[in-house]
Amino acid sequence: MRPTSLAFLASAATALTDIEHKPFMRKNIDPIVFPGKYVSHMHSFYGSDAVTKDLPTTEQLQKGCPSGENPNDLSVYWAPTLYYVNGETYTEIYPATFKTYYENIDKAEIPFPPNFYAVAGSPTARSQADVQENINALTWWCDAGPEDRDSRPRATFPRVTCSAHMQAILRFPDCVDPVQITNYTYAAAHGGRCPSNMKRMPSLRFSIGDGYCFHGDFVNGWYEDAAKNMLKAKGQSFMRIDGAHGNGKQMSACKAKDADPSNGTNDYKKSLEMMGSG
């Protein structure tokens, strides 16, 4: 396997839009799982740079600089940092591409609510049975072959040398209770429909960390007008999501960076020490 050739992509689906993002920070924080603390394993961050150890609101994210190509999307996305290990040396593997795909817009009833956040996948998963691929779609494969998913657990790395990139996908929850937005689930877990007290949102997919325990995090930072424009993609195979802050394929003139560089760490071994002391 070629560990330095990695693409974080999602496969095509009906009525979708996609946004390419550049990584802007590697740090031992997880504002959703460990808010206010520096005790997380290492994550790589994409999107709005207005994120620290504390869980941000949508309004706070919109004051940041986006690392993605759509100035109307100030969401923040993060996933476990992937390393190539050689003895005691840990070398970060940068993805060839990181894209977020918003899919199944034909089925969406509402845009993402303000301050909505979600986690997909589980950092404690230890087997294929823990993954629920039929719900969250967690899969690794070689995008240009050879194909070996039928001969191994599908949520583990390919066991062959990929001829091009290694890819992974992960689907986020797409049903939410608009009254209590921390209550969310997957339509796929309920026969393809949201529970009666919930509304369906666009389906977000992107790639994640390492093996069964790969997971991803998302905090909504979409400007309201653009989030509503996304729902207009119904019936189309692709739509650029424009808004008051620019067209949907336009990189920002600012440069995203760590908003709190004096705290936490981007060093893998130091992060292990801080996990132990937390």
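Residues are numbered from 1 along each chain as its sequence is written, and side-chain values use heavy atoms, with hydrogens and water left out. In this predicted model, local features need pLDDT of at least 70 and side-chain atom pairs count only at pLDDT 80 or more, while totals for chains, interfaces and linings use all residues.

Helices (H or I, at least four residues) and strands (E, at least two) are taken as DSSP runs and numbered from the N terminus, and two strands pair if DSSP finds at least two bridges between them. In general, strands of a sheet pair through backbone hydrogen bonds, either parallel or antiparallel. Here, three strands in the order 13-12-14 form an open sheet with antiparallel pairing. Strand 13 (184-185) and strand 14 (199-200) are the edge strands, each with a single partner, so one side of each has no neighbour in the sheet. Between strand 12 (residues 175-176) and strand 13 there are two bridges, in the antiparallel sense. Val-176 has Tyr-184 of strand 13 as its bridge partner.

Rings of Phe, Tyr and Trp (its six-membered ring) pair if their centres lie within 6.5 Å; planes under 30 degrees apart count as stacked, over 60 as edge-to-face and the rest as tilted. Across the whole structure, the search finds 14 aromatic pairs. One of them joins Tyr-102 and Phe-112 edge-to-face, at 5.7 Å centre to centre and with 75° between the planes. Tyr-102 sits in strand 8 (residues 97-103) and Phe-112 in the loop between strand 8 and strand 9 (117-121), so that this pair links parts of the chain 10 residues apart. Both Tyr-102 and Phe-112 are buried, where buried means under 20% relative accessible area, exposed over 50%, and partly exposed in between (1.4 Å probe, protein chains only). Phe-116 and Tyr-184 also form an edge-to-face pair, with 5.7 Å centre to centre and 75° between the planes. Because Phe-116 lies in the loop between strand 8 and strand 9 and Tyr-184 in strand 13, the pair ties together parts that are 68 residues apart in sequence. Phe-116 is buried, at 1% relative accessibility, whereas Tyr-184 is partly exposed, at 24%. Ring pairs also build a cluster, made up of Tyr-77, Tyr-102, Phe-112, Phe-116, Phe-172, Tyr-184, Phe-218 and Trp-222.

A nonpolar core is a set of buried Ala, Val, Leu, Ile, Met, Phe, Trp, Tyr and Cys residues joined through side-chain atoms within 4.5 Å. The largest core has 34 residues, of which Tyr-77, Tyr-102, Phe-116, Phe-172, Leu-204, Phe-218 and Trp-222 touch the most other members. At least two residues of this core come from each of strand 5 (76-80), strand 8, strand 9, strand 15 (203-206) and helix 3 (224-230). Helix 3 contributes the most, with three residues. Another core, of 14 residues, lies apart from it and includes Met-25, Val-51, Val-76 and Ala-256.

Asn-136 belongs to helix 2 (residues 133-136) and is buried, with a relative accessible area of 6%. Beyond its neighbours within four places in sequence, Asn-136 is in contact (heavy atoms within 4.5 Å) with Gly-121, Val-131, Leu-170, Arg-171 and Tyr-186.

Charged pairs complete the picture. With a salt bridge defined as a side-chain nitrogen of Lys or Arg within 4 Å of a carboxyl oxygen of Asp or Glu, the count comes to 16. Lys-27 and Asp-258 meet in one of these, at 3.0 Å from N to O. Lys-27 in strand 3 (residues 23-27) and Asp-258 in the loop between helix 3 and helix 4 (268-277) are 231 residues apart. Lys-27 is buried, at 4% relative accessibility, and Asp-258 is partly exposed, at 22%. In another salt bridge, the closest N and O atoms of Glu-69 and Lys-249 are 2.8 Å apart. Asp-18, Glu-69, Lys-99 and Lys-249 are linked in a network of salt bridges.
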